[in-house]
Amino acid sequence: MLEAVSALLPPQTYFSIREVSQLTQVKAYVIRYWETQFSALRPARRESGQRKFTQKEVDVILKIKELLYDKRFTIAGARQFLKREVRRGPPSSGLT
């Protein structure tokens, strides 16, 4: 599911919180709350204070959404899962 949504994203460098909210179907206030709970989600800010989300951060939001809504993780459980996933690194293709 994650790859399908990522493939549909417009080719932009940065996304506003409104665009991210529409793309991920997660309310903006929920995304702002997740920023306080997940260290992997720290968007840069413009001089005006607006958040600038990258493709990587949109992918993190989609992963958090999957963990919390689909797999029914708690916030603490999702945080631990993401930390373990970062330590393990990206999944290898097995073609080496």
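**View 1. K63 and E66, two partners on one helix.** K63 and E66 both sit in helix α4, which covers residues 55-70, and they are 3 residues apart, about one turn of the helix. Helices here are DSSP runs of H or I with at least four residues, strands are runs of E with at least two, and both are numbered from the N terminus. This is a predicted model, where local features need pLDDT of at least 70 and side-chain atom pairs count only at pLDDT 80 or more, while totals for chains, interfaces and linings use all residues. Residues are numbered from 1 along each chain as its sequence is written, and side-chain values use heavy atoms, with hydrogens and water left out. K63 forms a salt bridge with E66, and their closest N and O atoms are 3.9 Å apart. To count as a salt bridge, a side-chain nitrogen of Lys or Arg has to be within 4 Å of a carboxyl oxygen of Asp or Glu. Side chains of opposite charge can pair when their charged atoms come close.

**View 2. K63 also reaches over to helix α5.** E85 forms a salt bridge with K63, with the closest N and O atoms 4.0 Å apart. E85 belongs to helix α5 (residues 75-88) and K63 to helix α4, so this pair ties together parts that are 22 residues apart in sequence. Is K63 buried or exposed? K63 is buried, with a relative accessible area of 15%, whereas E85 is partly exposed at 31%. Buried means under 20% relative accessible area, exposed means over 50%, and partly exposed is in between (1.4 Å probe, protein chains only).

**View 3. K71 joins in.** K71 forms a salt bridge with E66, and here the closest N and O atoms are 3.7 Å apart. With a relative accessible area of 44%, K71 is partly exposed. Which residues end up linked in one network? Salt bridges with shared partners join K63, E66, K71 and E85. A search of the whole structure turns up 4 salt bridges.

**View 4. Helix α4 from end to end.** α4 has 16 residues and reaches 21 Å from its first C-alpha to its last, close to the 22 Å expected at 1.5 Å a residue. That expected span is 1.5 Å times one less than the number of residues. L62 and V20 are 42 residues apart in sequence, yet 9.9 Å apart in space, C-alpha to C-alpha. Just after α4, R72 takes a positive phi of about 60°.

**View 5. Where α3 crosses α4.** The axes of helix α3 (residues 28-37) and α4 come within 12 Å and cross at roughly 95°. Axes are lines fitted to C-alpha atoms, for helices over the stretch in contact, with angles from 0 to 180 degrees between N-to-C directions. α3 and α4 are therefore roughly perpendicular to each other, a label for angles of 65 to 115 degrees. V30, I31 and W34 of α3 make the contact with I61, I64, K65, L68 and Y69 of α4. Contact means heavy atoms within 4.5 Å.

How values were computed
Angles under 35 degrees count as roughly parallel, over 145 as roughly antiparallel, 65 to 115 as roughly perpendicular and the rest as oblique.
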